[in-house]
Amino acid sequence: MKTTAKTTGKVTGIVANLVIVEVDGPVAQNEICYIHHGEIKLMAEVIKVVGNKAYTQVFESTRGLKPGNAVEFEGHMLQATLGPGILSSIYDGLMHDLHEMTGVFLKRGEYTRALDPERLWDFTPLAQAGDTVEAADWLGEVMENSIPHRIMVPFVFEGKYTVKSIVAAGQYKINDTIAILTGKDAKDHAVTMVQYWPVKKAIKAYREKPRPFKLLQTGVRTIDTLNPITEGGTGFIPGPFGSGKTVLQHALSKQAEADIVIVAACGERANEVVELFVEFPELEDPRTGRKLMERTTIIANTSNMPVAAREASVYTAMTLAEYYRSMGHKILLLADSTSRWAQALREMSNRMEELPGPDAFPMDLPAIISNFYSRAGFVYLKNGHTGSITFIGTVSPAGGNLKEPVTESTKKVARAFYALSQQRADSKRYPAIDPIDSYSKYLEYPEVQETLKKSVANNWVDDVMLMKNILIRGKEAAEQINILGDDGVPLDYHLAYWKSEVIDSIILQQDAFDRIDSNTPMERQRYMVDKVLKIYHTDFDFDTFEEVNPYFKRIINQLKQMNYSGFMSQEFKRFEEELENIIAERKVKS
Amino acid sequence: MSGTAFQKIYTHITHITKATCTLKATGVGNEELALVHGRLAQVVKIMGDHVTLQVFAGTEGIPSNAEVVFFNRPPVLKVSEDLAGRFFNAYGDPIDGGPAVEGEEREIGGPSVNPVRRMQPSELIATGIAGIDLNNTLVTGQKIPFFADPDQPFNQVMAMVALRAKADKIILGGMGLTNDDYLYYKNVFENAGALDRIISFVNTTEDPPVERLLVPDMALTAAEYFAVDKNEKVLVLLTDMTLYADALSIVSNRMDQIPSKDSMPGSLYSDLAKIYEKAVQFPNGGSITIIAVTTLSGGDITHAIPDNTGYITEGQLFLRRDTDIGKVIVDPFRSLSRLKQLVIGKKTRSDHPQVMNAAVRLYADAANAKTKLENGFDLTDYDQRTLKFAKEYSDKLLAIDVNIDTERMLDTAWELFARHFAQAEVGIKKEFVDKYWPSHT
Ligand SMILES: Nc1ncnc2c1ncn2[C@@H]1O[C@H](COP(=O)(O)OP(=O)(O)OP(=O)(O)O)[C@@H](O)[C@H]1O
Ligand SMILES: [Mg+2]
């Protein structure tokens, strides 16, 4: 792709945002080009080449475009700009800074820079002259919102280099040369604080990618306790509209104990992005006390923004995550919704009249999805540090039916499955994660069990399994009661049902909009699990089934009040005491 | 929307389908307007020198030697204050006998708002209907449809909401509106003395279906003019979006696109999102709120049209006839306003969120009790009480004929709680129970 003269071409066909270009030279698959349209240039990407015709998807509206319009090819693929200043930014899917754009409305062809070239950064060298280095090695660092941002040997550098010189500690702009590296061929290469990387290629500058083994706390009880996600793990959240995918992802983005959070708002509502950038500059990260926005980058390619850029947006987000992972950080990457990305692929493949796969999605959809998820993970860097990308995507299945290509393809690759149930959402049992259908494969990993035992409690995994069992038995009991009637089943069935209801109401259900209830640290989760399991193990004395319901409602009510109170506060203890009194009322004395 | 054209006249059409025709032409831009045999058409595909046009009024009777003239511009609407009080067809031409509106020409279907320039919606829209204000509070800048079977009184409810909403302008986009419904809207607005705040773009069942495709963009271009240029609060009513989507499928099927679910085009989500995302709170105080109607067939919300709509809009409102009280109610289970948490408990009394949730939970218990009853089982005392509660809740709060303020709605809910339940059964935060639980019962 390294031609000196730029390939050019002219437009010969237009169908919505598919534009066919006749070219006068070589073009590469996924190469970026600009289509001239009057005063402006529209960015596009090559998605197919047939003879001297390049099929391009334009990242803009093609209104007014005419055959004959000139096209220039750039000689590179869609790339992310990597350097200090990414955090706190809000980008479109192609990494143009949305704040830099003028006016209230987006303008076609207004492509803003990703990073501020004028800003000065306090640079501290980490390498010294004479060091042998390779791609991704840390040359120095700057503080980006108090998070160390490592300036690395560009990922595109192949083989070993020697540091010829490196600048002294001081203030530099991103385009200033901070080091000169000498290659094997004795040529010198200037390195600045900014580098570029094609978003569709994975950054693989690490030594090893082991299986994830550490819990990533999210403060969401039904996840942390029942189906935990790990540092470097992958998960997905399918659910019909309105079932709570976005609210759940927003909760994760606020609460998860990650160093950096990257949110890709991919083909969803603009107001949901507004919510993030209105709240995040105000809300604090409970662990660091700093504002959430300082650790967050938002890629906003909402549903009314160009469809082709939707596909790019998830790759841009992943590339940013990989960049920060190479610095030894713990990244949480969220994408809402991966189905919109798949739909963008479908629209394009449809326009190119490709042979469709199931539901008219492209044939290679499963491969595309699996490729993407495989870029997440926990890694050991070459310098011994660790980094991770935990990726959780939402899926919006048509008609809420999970038997559709995007859900099925994702299920094959993501290891944690958080199925949102319409029924739970309808009865306002939020978060509506179905406790029985959902799973986390990580809970089966011996190395995860080991760390859970150490970090939470020795019997933790057994307790979790027990709770899952109680929930299943509760569901079965409820079904029997429904079929046979309240008085058609033994009293035990009512007990089984209500004991599972205690777990459902107190551990699973969680008010995402309550200041205290929304975020439960692991220690508190453990305390409440012990509490509800103690109730489960208690023998109660009832004469008739009619006494069971009101009694357990009182128990649940007390526990709920505890959930709403500060952990171990006066209030909390008072509710707990009342709870103990209620339990004592019917506890069988042994 | 007709205009003078100085372009070359073409007279050789090579392909004609029910909605499109193709001819050889040069120098034509994508999405440009043209006149084919006197009918408005728009460029939808260009392949070399073959240009395909979508003819809005259909191609019936168009001969292969018909005259085709290109306009050199996409569809536009002339905007000015003079739009107020006027009725137009899908092309923006007056249908009320009045003169054409003079004003600045604006391309319809224009660019999207930069997300970082949006303001967070925060202004509550009070409708007096508790099924909406209490359980599914609306906010300016929101987009929300009624999901309704064709026989439900959604047009009435929508007109009522529109008039109570205190909007500066109400813009009606009617697609496949029956003549009766069109006259109904006209009458209601006239009787309310609101005609000078209303602008209508109407395509009735008598008009060609493909013309409907222009209606939302026309209505929203007018809305943007008033919201951006005049800083006004604009409410846009779009009815019926199902008929709009049907028109989309007609065109895409004619263009041999591979249909996805329910023979809808694969781009349905993006097409609908482009319209609904025009709902916005602008920084200057202006806003566009969209209330739409999506009719269902047989109550099926998994059909591609309501399904894609639900994934785009900020909630949905369901109407249902409650046979126990013989009234139409706003169904609390399936209805949802996603922006409500921006205002409830903040712009309204702080017990609002908890009261709302508790009432719906108890109503769900009643639904379970009802199932038990239907299956021939005995009801517990608690079941009996939930049933009594449900009936009163439905009548005093959910029915669409309720018209009270939010405070009154909350008080009513507390009264019902206290009448039928013990405090622990209601499960509300203690501080609110202490404050609002009625003492006299
Ligand atoms: N944990 C929760 N606590 C309280 N309310 C919730 C919770 N989760 C969801 N909700 C309610 O459900 C509504 C819809 O949730 P959300 O927007 O997350 O749905 P979604 O699955 O993302 O839908 P879509 O696919 O249409 O984007 C929210 O606006 C809120 O009212
Ligand atoms: Mg969502």
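## Chain A, chain B and ligand 1

B:K372 and A:D486 join their side chains in a salt bridge, with 2.5 Å from N to O. That pair belongs to a predicted model. The rule finds 5 salt bridges across the interface of chain B and chain A. It also finds 34 residue pairs in polar contact there, both partners at pLDDT 80 or more.

On the side of chain B that touches chain A, several elements give two or more residues. The strands are strand 5 (39-47) and strand 13 (143-148). The helices are helix 4 (215-229), helix 6 (268-276), helix 7, helix 8 (352-374), helix 9 (381-398) and helix 11 (423-426). By class, this side of chain B holds 32 nonpolar, 27 polar and 22 charged residues.

Now the extent of the interface. Contact involves 81 residues of chain B and 77 residues of chain A. Interface size is often expressed as the accessible area lost when the parts come together. Here chain B and chain A bury about 6,400 Å² between them. Carbon and sulfur atoms carry 53% of that buried area.

Next, the ligand. Ligand 1 lies between chains A and B. Its shell has 19 residues. The closest are A:G242, A:K245, A:T246, A:V247 and A:R269. The shell divides into 8 nonpolar, 7 polar and 4 charged residues.

Which helices each supply at least two residues of the shell around ligand 1? They are helix 2 (245-255) of chain A and helix 7 (304-312) of chain B. Helix 2 of chain A gives the most to this shell, with 3 residues.

On its own, ligand 1 has 630 Å² of accessible area, and the protein covers 94% of it.

How values were computed
Residues numbered from 1 in each chain as written. Chains lettered and ligands numbered in written order. Predicted model: local features only at pLDDT ≥ 70, side-chain atom pairs only at ≥ 80, totals over all residues. Heavy atoms only, no water. Near = heavy atom within 4 Å. Areas by Shrake-Rupley, 256 points an atom, 1.4 Å probe, with all protein chains shown as cover. Helix = DSSP H or I, 4+ residues; strand = E, 2+ residues; numbered from the N terminus. Nonpolar A, V, L, I, M, F, W, Y, C, P; charged D, E, K, R; others polar. Contact = heavy atoms within 4.5 Å. Buried area = accessible area lost by both parts, 1.4 Å probe. Salt bridge = Lys/Arg side-chain N within 4 Å of Asp/Glu carboxyl O. Polar contact = N/O pair within 3.5 Å; in protein donor to acceptor, adjacent residues only side chain to side chain.
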